[in-house]
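This briefing walks through a single protein chain, topic by topic. Please keep the sequence and the 3D view open while reading.

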Amino acid sequence: ILILDEPTAVLTPAETEALFHTLRGLRERGTTILLITHKLKEIMALCDAVTVMRAGAVVLDTAIGDTSLDGLAEAMVGRRVNLGRADGDAAHRPGDVLMQAENLVWRDTLGVPRLDGVSITLRAGEIVGIAGVSGNGQSELLDLLSGMRAPQSGTLRVGDTRFDADRWIDPGQAREQRIAHVPEDRHQRGLVLPFPAWESAVLGYQQRPRYSQHGWMRQREM
């Protein structure tokens, strides 16, 4: 019996297909395989039977031939899920450029380039995805865009304000520009763990008159 927990999380499509080829071979030789995954297409492509758990309980246990992508999604979330694009989305067009970074270069303390000439443009009303295996620069890029780090070179334009490597945006300015950053490690970088939630939530805003007066915190307002 072979138990695999999210084995394709860091694999490319070609590597995933190679793994599936191996698993099919093992199955033909009598190996029982338990595959834990949230990728529905992988379940439909590889498995003979599927069990869906939600909130700690089994809500579906059936042969693959008796279900579908829509059926699996509905069982997982407890309601009907639209896996396609809504009719109105096809005509959607992004708006004006809100943020534009050009030729960002950032090197770590050993001089290793983590970002090398990266440019990105973000427009109003669009979702931009950044894909890459962990450690390939995406975290550093988000840190630069949110003012958590400053690059060695490159420029950033947010609205009508331009920043360069010698005068980079800082987290306070990012807040004023209504940039919100949700970090991947929320315990290390998004919270002060001993604080109640309201104290962590107000960090960075505690100097505003609404929350402090003459140096005294207005905890009721917070």
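Helix 4 is followed by G147, whose phi is positive, near 85°; helices (H or I, at least four residues) and strands (E, at least two) are DSSP runs, numbered from the N terminus. The model is a predicted one, in which local features need pLDDT of at least 70 and side-chain atom pairs count only at pLDDT 80 or more, while totals for chains, interfaces and linings use all residues. Residues are numbered from 1 along each chain as its sequence is written, and side-chain values use heavy atoms, with hydrogens and water left out.

- Helix 4 is mostly covered, since six of its eight residues are buried, where buried means under 20% relative accessible area, exposed means over 50%, and partly exposed lies in between (1.4 Å probe, protein chains only).
- The buried residues of helix 4 are Q138, E140, L141, D143, L144 and L145, and they pack against strand 5, strand 6, strand 7 and helix 6.
- D143, which lies in helix 4, is buried, with a relative accessible area of 2%.
- Not counting residues up to four places away in sequence, D143 touches M148, R149, H181 and R189, a contact being heavy atoms within 4.5 Å.

**Nonpolar cores**

- The largest nonpolar core has 15 residues, and L104, L145, L156, W168 and I169 are those with the most contacts inside it; a nonpolar core is a set of buried Ala, Val, Leu, Ile, Met, Phe, Trp, Tyr and Cys residues joined through side-chain atoms within 4.5 Å.
- Strand 5, strand 6 (113-123), helix 4 (138-145) and strand 7 each supply at least two residues of this core, and the largest share, four residues, comes from strand 5.
- Apart from this core lies another, of 14 residues, among them L4, L23, I64 and A75.
- In soluble globular proteins, nonpolar side chains tend to be buried together.
- L156 touches M99, Q100, A101, L145, T161, R162, F163, W168 and I169, again leaving out residues up to four places away in sequence.

- In helix 3 (residues 69-77), L72, A73 and A75 are buried, and because they cover an arc of only 165° around the axis, they are on the same side of helix 3; the arc is that of the directions from the helix axis to the C-beta atoms.
- The elements covering the buried residues of helix 3 include helix 2 (40-46), strand 3 (49-54) and strand 4 (57-63).
- Helix 3 is followed by G78, whose phi is positive, near 85°.
- V52, which lies in strand 3, is buried, with a relative accessible area of 5%, and it touches A57, V58, V59, L60, L72, A75 and M76, not counting residues up to four places away in sequence.

**The hairpin of strands 7 and 8**

- Strand 7 (residues 153-158) and strand 8 (residues 161-164) run antiparallel and are joined by four bridges; two strands pair if DSSP finds at least two bridges between them.
- These two strands form a hairpin with two residues between them, and G159 in the turn has a positive phi of about 60°.
- V158 stands opposite T161 in strand 8.

**Rings, charges and backbone angles**

- The charged end of R149 sits over the ring of W106, 4.5 Å from its centre; a charge sits over a ring if NZ of Lys or CZ of Arg is within 6 Å of the ring centre and within 35 degrees of the ring normal.
- The charged end of R175 sits over the ring of Y205, 5.5 Å from its centre.
- N103, found in strand 5 (residues 97-107), has a positive phi of about 55° although it is not a glycine.
- R178 is placed in the loop between helix 5 (171-176) and helix 6 (186-189); R178 has a positive phi of about 65° although it is not a glycine, and it is exposed, with a relative accessible area of 79%.

**Separations across the chain**

- R80, found in the loop between helix 3 and strand 5, is exposed, with a relative accessible area of 73%.
- The C-alpha atoms of R80 and F195 are separated by 38 Å, and these residues are 115 residues apart along the chain.
- V52 and E140 are 36 Å apart in space, C-alpha to C-alpha, and 88 residues apart in sequence.
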